[in-house]
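User: Hey, can you walk me through the charged pairs and the packing in this one? I've got it open on my screen.

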Amino acid sequence: MENGQDSSSDESDVRWPMEMMIRDIGYSCYIDGDDEDTGSSSSSDAGDRQAQLHLLQQTMDTAKLSLHHQDYQTAFTHYLMVVNIAPDLKPYVKDDFSLAVKLWGDELESMGRGEEALHCYQQALQVYPDCEGVVNNMGAHLFRHGYTDEAASYFIQALQLDPGHRSARENLQSVCTALVERWHFRMLNDKARNTAFHQAIQRAVLGGHDTVLDIGTGTGILSMFAVQCGARTVHACEMSRTMHQLASNVLVANGMQNSVNLQHIKSTDMTIPEHLPERVSLVVTETVDAGLLGEHILATLRHAWEHLLLPPRSVVNHPESVRYGRVIPGSATVHACIVECPDIRRNHTVLQTSCCGVDMSGLDITSQTAIHTDTAEQTSSDAEPYSSEVLNRVRGGFSCLTKPCQVFQIDFNDPQTFSPESLEHLRVLHLPVKHPGVVDAVVMWFDLHLDEETHLSTSPEQDTCWEQAIFPVHRHHLAGSDCLTRGLQVEEGDTVVVSATCGGDCVRMWVSEVQHHKDGRDQHCSSTENRQEKRLEVSKEHRDAHEMDASCSSSPEEPEPGQAEVVCLAQNDICALNDSGFNDAFYAALHEHFSRIIGSGSSNVVDLTGFCAGDSMETEGAQVSDERTGNSVISVLDLSQGMSMVGLCAAKLGARKVRYSGQNASSQKLLEMLAKRNGISEGVMEFGPSSLEPTGSSDALWDVVATELVEPSGVLRQQVLEDMALARAYALKPGGTILPCAAAVYGVCVQSDVLLRENRVLGSEPTLGLKVADFMNIFQATTHQDITLSTLPHKPLTEPFHIFNFKLDEETSGDTLPSYLEQSRTLVVMATDSGTLSAIPFWFEIWVDSNNRLSTRDESSHWKQAAIVLDKPVPVERGQQIILEASCENSMISITVKEQES
């Protein structure tokens with residue numbers, strides 16, 4: 001209802017539907033009685049029923065009015081009373097009750113009362129177990145609190161109740177990537193990989209290894225291969241609740257539910273005879289990642305050999321006549337080489353010492369991955385020893401500076417060779433440089449030997465479902481006579497020394513030395529004090545003490561005199577700091593707005609001509625002084641979710657009130673450090689949530705509200721359009737500025753088999769006839785994020801076309817919503833080539849202000865692109881008109897292809 005209507009009209013609007021419901025339903029639950037009752041007893045009962053109906057009417061009125069007046073607790077409790085007293089009313093109040101549940105639950109969560117919110121959803125589910133809205137709200141609550149498996153089951157249930165429920169579909173999309181990583185689809189679509197495992201399992205079963213345990217079964221495909229190959233008994237275990245349920249459904253669809261003993265359990269919790277009747281003769285597993293050991297395959301197999309498997313062949317006296325245990329895959333060979341890759345470089349280390357006049361010298365800002373690649377022991381639980389990439393698809397490409405070398409081998413069928421003690425050994429490799437370049441990373445891949453005849457490789461030269469492991473080289477790891485001045489530039493004939501270990505059941509590699517052979521003289525850049533080797537030589541007691549100390553703090557060690565202070569950030573944040581175009585655009589827009597605030601004359605405007613990142617802003621007139629602003633307080637609200645320099649630049653320019661509303665702990669720490677180093681007065685910058693709801697206080701209004709509109713992955717930030725609409729309406733001073741002020745979405749129709757393979761299982765052919773696709777594809781994501789269009793294998797079928805505009809500084813009146821919040825339109829584009837339309841990649845043009853424009857398709861930007869992947873690819877002919885239906889709602893873009901009559 002519009003504001004301004006009086007309460008009497010509100011009440012009449014509430015009451016008349018209730019009266020109709022009373023007439024329609026008749027309330028048999030209240031009027032059913034003993035037909036033989038007569039006289040005063042009958043009159044008394046009728047009076048009681050009237051009183052009950054009157055009470056019900058009042059309860060309904062209160063619920064309805066409370067919802068309208070945003071008293072969600074009262075609305076929820078009164079609707080709950082209504083449906084408990086009069087269950088026949090449930091269909092009539094379902095939508096309003098579902099809304100009240102959501103809004104009251106959201107309010108409880110915003111107050112930090114998560115347990116009460118959960119109880120609220122549980123109460124709602126008791127009365128509406130089949131209400132798709134209530135079921136979806138329960139899933140959303142669980143997902144926000146990290147219960148991904150449980151949340152997914154609720155979203156799926158909501159979609160089963162209502163396949164068209166958009167919110168449940170969007171929520172399931174959000175949970176899909178967290179729950180079922182994209183490599184599952186690539187793996188299941190890798191027919192060569194599936195065939196190789198089938199062949200190896202068949203040979204093993206025919207060789208007498210016919211009692212099988214499939215560890216980490218996933219979809220159950222390896223278990224079903226074992227059944228097909230004639231295994232006598234097949235057991236499977238899966239620790240993920242969602243994947244366990246999926247595997248159960250897959251087994252039923254393939255008629256193997258009675259052939260595979262599927263258990264929801266972690267393999268290391270299995271015992272005999274509780275979970276297995278006897279030791280098995282074959283374990284099959286693919287619990288490997290890009291770094292081979294990252295999914296704890298060694299600990300898993302140690303437990304299996306000790307508790308679940310028959311003894312290995314190496315300890316059996318007569319293996320020809322005695323049954324023994326074996327594992328598929330049987331072994332692995334690890335390879336590595338040195339690469340130059342600008343994209344890896346800018347994702348792991350901030351490459352400049354200043355950003356828009358903010359001095360960052362003396363700081364070594366690096367990724368958590370980079371800081372821990374040179375240590376034999378992780379010093380914090382969240383440290384990652386490597387990242388992973390499809391190396392052939394990184395922006396700007398890569399080049400190998402050395403030949404590949406074999407690092408080590410692991411025999412999974414000989415448990416003695418991968419005991420924790422045997423893996424502590426440090427390997428040191430001297431790699432001759434064959435091509436000049438900059439040492440950016442050690443890249444690792446492996447050959448997986450399923451048996452003596454069948455092998456798989458994760459090499460970047462292979463078309464494989466696996467990525468490669470990346471150990472970024474941190475430029476300050478090395479110190480030497482000319483290392484810091486030359487960086488890590490190497491020439492042909494130089495030598496790069498790589499150290500490697502599997503200590504802690506995790507592969508780690510780092511560049512420990514660079515030997516420059518210049519003019520016949522050796523010049524060495526080595527790890528400072530060779531600290532890596534020293535760590536490997538410490539005693540067990542010292543190592544335990546070191547780990548205990550490290551568990552108390554994840555902060556890097558204090559820098560020695562003359563060394564840069566190390567600060568760790570997420571890779572996305574580092575890449576954004578390296579995006580000079582992005583930071584310069586926001587700085588220039590801030591500068592222009594501040595110039596308008598501080599004076600009406602042109603003499604107050606600072607000339608930005610010739611400005612570039614890194615220039616000092618301490619020149620005359622560059623910083624807005626209190627004297628020039630008339631001591632007025634210029635205020636900036638930065639709603640960016642990632643590391644943002646906007647607020648800090650504003651403070652540098654003279655803002656006296658800056659609030660960051662979306663920074664994590666590491667970003668906040670760096671910003672506070674930079675503020676202190678750059679002379680920003682204490683108290684100017686503050687951190688914490690900022691309400692965008694109307695407060696009526698001018699102190700809650702801001703001169704500038706800024707945000708990063710697009711996630712680094714290429715999609716709109718969650719709820720960002722709604723946030724900016726609220727900020728424009730309730731948080732901005734008259735004459736204030738929204739940054740960015742506008743954006744537009746562009747797209748192109750393409751044929752891309754890669755996007756299809758990474759987003760859904762393509763039928764039963766790649767899974768060798770097994771029915772897996774229908775169940776896995778429940779978890780497909782319509783929007784595929786983190787693509788790089790310039791390196792994505794694809795065929796453009798149209799020219800780029802415009803989709804939507806977002807005018808974020810749009811002025812509205814009263815309660816009118818900005819037009820950009822909900823948009824839909826029909827697009828007609830012409831096919832410029834023939835092919836199969838499988839996806840629509842899209843990107844954004846962003847106007848920070850009228851003079852500064854950015855593109856998320858720019859190769860030098862920190863953004864990647866995203867793509868809408870169609871449910872059903874559409875054949876198109878050159879010259880054909882393609883009709884697209886596009887919509888944007890809840891800051892989510894959706895595009896479908898309209899079917900055309902033949």
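**Salt bridges and cores**

Analyst: Glu132 and Lys94 form a salt bridge, with the closest N and O atoms 3.2 Å apart. Salt bridge here means a side-chain nitrogen of Lys or Arg within 4 Å of a carboxyl oxygen of Asp or Glu. This is a predicted model: local features need pLDDT of at least 70 and side-chain atom pairs count only at pLDDT 80 or more, while totals for chains, interfaces and linings use all residues. Residues are numbered from 1 along each chain as its sequence is written, and side-chain values use heavy atoms, with hydrogens and water left out.

User: Which helices do Glu132 and Lys94 sit in?

Analyst: Glu132 is in helix H7 (residues 132-144) and Lys94 in helix H5 (residues 90-110), so the pair links distant parts of the chain, 38 residues apart. Helices are DSSP runs (H or I, at least four residues) and strands are too (E, at least two), numbered from the N terminus.

User: Is Glu132 buried or exposed?

Analyst: Glu132 counts as buried at 16% relative accessibility, while Lys94 is partly exposed at 22%. The cut-offs are under 20% relative accessible area for buried, over 50% for exposed and partly exposed in between (1.4 Å probe, protein chains only).

User: How many salt bridges does a search of the whole structure find?

Analyst: It finds 29 salt bridges. Lys102, Asp106 and Arg144 are linked in a network of them.

User: What does Arg728 pair with?

Analyst: Arg728 meets Glu811 in a salt bridge, 3.6 Å from N to O. Arg728 lies in helix H24 (residues 720-731) and Glu811 in the loop between strand E33 (801-807) and strand E34 (823-830), so the pair ties together parts 83 residues apart in sequence. Glu811 is exposed, with a relative accessible area of 67%, and Arg728 is partly exposed at 23%.

User: OK, switching to packing. How many residues are in the largest nonpolar core?

Analyst: The largest nonpolar core has 138 residues, and Leu292, Leu448 and Met509 have the most contacts inside it. A core is a set of buried Ala, Val, Leu, Ile, Met, Phe, Trp, Tyr and Cys residues joined through side-chain atoms within 4.5 Å. Helix H4 (residues 72-85) gives this core its largest share, seven residues.

User: What does Leu448 touch?

Analyst: Leaving out residues up to four places away in sequence, Leu448 touches several residues, including Val288, Leu292, Phe412 and Trp466. Contact means heavy atoms within 4.5 Å.

User: Which residues does the second core include?

Analyst: That separate core of 93 residues includes Leu648, Leu674, Val745 and Phe842.
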